[in-house]
Amino acid sequence: MADRPRAKISSRKQPKQARSTELVSAILSAAAQVLAKEGAQRFTTARVAEKAGVSVGSVYQYFPNKAAILFRLQSDEWRQTSDLLREILEDGAKPPLERLRALVHAFLRSECEEAAMRVALNDAAPLYRDAPEAREVRSSGDRILLAFMREALPGVDIATLDLATDLVTTTLGAVGKRFSESPRTSQEIDAYGEAMANMFCAYLESLKPL
């Protein structure tokens, strides 16, 4: 049986004028509100248009379907995560393990603050997660973390660095999602973040050549 064609998830066009940029911003803001309130299963283009106060046709000028809207929300979230990685991990004024510790705390707090949106986006992921566009956006964070691993672990072979990068990325994502599914106090977030940072730092120390 032939594979079903995948839904197009790229935006139809990029806004070039201020008015168009404001329209896209309003659509995405409305989409985020609809997604957080209704969840991925009840998310529709019509609901987004109604929330934004525009016609469905106006939404379709920029997004061919609901998968494209959801992917834009997800890719914006991935880019925010990449920016967080870059800002913290590329700060050469601090020792590598101090940067890693700061990243764990910042990431976990971010996960808890935006839990409702991220849970909803995770539910919507089957619509776009295997698309080439999604893989490209996700890979940005992996490249930043791998570059950090090369700096933190000089002399370590690339296979071990790749493994360390994958382990940290996967653990952060899975644990962050699980931990943020329940309401957490600031003290709980700090304590959990410190414990996870200790675990990562001990792991990296164990990989350093003797």
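Predicted model: local features only at pLDDT ≥ 70, side-chain atom pairs only at ≥ 80, totals over all residues.
Hi everyone, thanks for having me. Let's begin with the whole chain. As for the surface, the chain exposes about 11900 Å², and carbon and sulfur atoms supply 52% of that.

Now to the inside. In soluble globular proteins, nonpolar side chains tend to be buried together. Here, the largest nonpolar core has 30 residues, and Phe148, Met149, Leu172 and Leu204 are those with the most contacts inside it. Which helices each supply at least two residues of this core? They are H4, H5 (96-113), H7 (132-152), H8 (158-180) and H9 (186-207). The one giving the most is H5, with 7 residues. Apart from this core lies another one, of 26 residues, with Leu28, Val34, Val59 and Ala125 among them.

Let me zoom in on Met149 for a moment. Leaving out residues up to four places away in sequence, Met149 touches Leu161, Ala164, Thr165, Val168 and Leu204. Leu204, you'll recall, was also on the list of residues with the most contacts inside the largest core.

You'll find Glu77 in helix H4, which covers residues 66-89. Is Glu77 buried or exposed? Its relative accessibility is 11%, and the cut-off for buried is under 20%, so Glu77 counts as buried. What does its side chain do there? The Glu77 side chain makes a polar contact with the side chain of Gln74, at 2.9 Å. Setting aside residues up to four places away in sequence, Glu77 touches Arg118 and Leu121.

Our other stop is Ser180, in helix H8. Ser180 has 8% relative accessibility, so by that cut-off Ser180 is buried too. Where does its side chain find a polar partner? A polar atom of the Ser180 side chain lies 2.8 Å from the backbone oxygen of Gly176. Beyond its neighbours within four places in sequence, Ser180 is in contact with Glu111, Cys112 and Ala115.

That's my tour; happy to take questions.

Terms used: Residues numbered from 1 in each chain as written. Heavy atoms only, no water. Helix = DSSP H or I, 4+ residues; strand = E, 2+ residues; numbered from the N terminus. Buried < 20%, exposed > 50% of the residue type's maximum accessible area, 1.4 Å probe, protein only. Polar contact = N/O pair within 3.5 Å; in protein donor to acceptor, adjacent residues only side chain to side chain. Contact = heavy atoms within 4.5 Å. Core = buried A, V, L, I, M, F, W, Y, C linked by side-chain atoms within 4.5 Å. Areas by Shrake-Rupley, 256 points an atom, 1.4 Å probe, with all protein chains shown as cover.
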